[in-house]
Amino acid sequence: QVQLVDSGGGLVQAGGSLRLACAASGRPSSRYPMDWFRQATMGWFRQAPGKEREFVAAIRRSFLTTFAADSVKGRFAISRDSTKNAVYLRLNSLKPEDTAVYYCAADPTDSGSTYSQEYNYWGQGTQVTVSS
């Protein structure tokens, strides 16, 4: 089984920055290669109190294609280090409305989806709080 561990959240003032990290371990099943992480789409989602979970950003295996929600474009950047089975989310120019629990997610089929239903594995979440 796959385990994802999120870290890096915290309390920051508006305009500040954070870097979230997600470490992956394990393997989805025997039909996936040992280096399945290199072939997966990795995503970040967030959920604010009283709101539904929403897509933030994702990075595909193919040409390391990245995409992000309109609300974070130009401020957040996703990256990955397949040698470490890790994915990162750099959060810049933070706003109070970015306050949420941020979750790392893995889609071993590399669908490149923005829908949470396509992601099979999830981290435990890391809290980001932005004060005004």
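## Exercises on a disulfide and a sheet

Applying the cut-off of 2.5 Å between cysteine sulfur atoms, the count in this structure comes to one disulfide. Keep in mind as you work that the model is predicted.

**Exercise 1.** Find which cysteines form the disulfide, and work out which parts of the chain the pair ties together.

*Solution.* 
- Step 1: Start with the sulfur atoms. Those of C22 and C104 are 2.1 Å apart, and a pair counts as a disulfide within 2.5 Å, so C22 and C104 form one.
- Step 2: Now place each cysteine. C22 belongs to strand β3 (residues 18-26) and C104 to strand β9 (residues 100-107), so the bond links parts that are 82 residues apart in sequence.

**Exercise 2.** Decide whether the disulfide of C22 and C104 is left-handed or right-handed, and whether the two residues are buried or exposed.

*Solution.* 
- Step 1: Look along the S-S bond. Its torsion is about -70°, so this disulfide is left-handed.
- Step 2: Check accessibility. C22 and C104 are both buried.

**Exercise 3.** Work out the strand order of the four-stranded open sheet, and which strands stand at its edges.

*Solution.* 
- Step 1: Read across the sheet: the order is β1-β3-β8-β7, and the pairing is antiparallel.
- Step 2: Look at the edges. β1 (2-7) and β7 (76-81) each have a single partner strand, so one side of each lacks a neighbour in the sheet.
- Step 3: Follow the twist, which averages 15° from one strand to the next.
- Step 4: Finish with β7 and its antiparallel partner β8 (residues 86-91): six bridges join them, and S79 stands opposite Y88 in β8.

Note on methods:
Residues are numbered from 1 along each chain as its sequence is written. This is a predicted model: local features need pLDDT of at least 70, side-chain atom pairs count only at pLDDT 80 or more; totals for chains, interfaces and linings use all residues. Side-chain values use heavy atoms; hydrogens and water are left out. Two strands pair if DSSP finds at least two bridges between them. Helices (H or I, at least four residues) and strands (E, at least two) are DSSP runs, numbered from the N terminus. Axes are lines fitted to C-alpha atoms, for helices over the stretch in contact, and angles run from 0 to 180 degrees between N-to-C directions. Buried means under 20% relative accessible area, exposed over 50%, partly exposed in between (1.4 Å probe, protein chains only).
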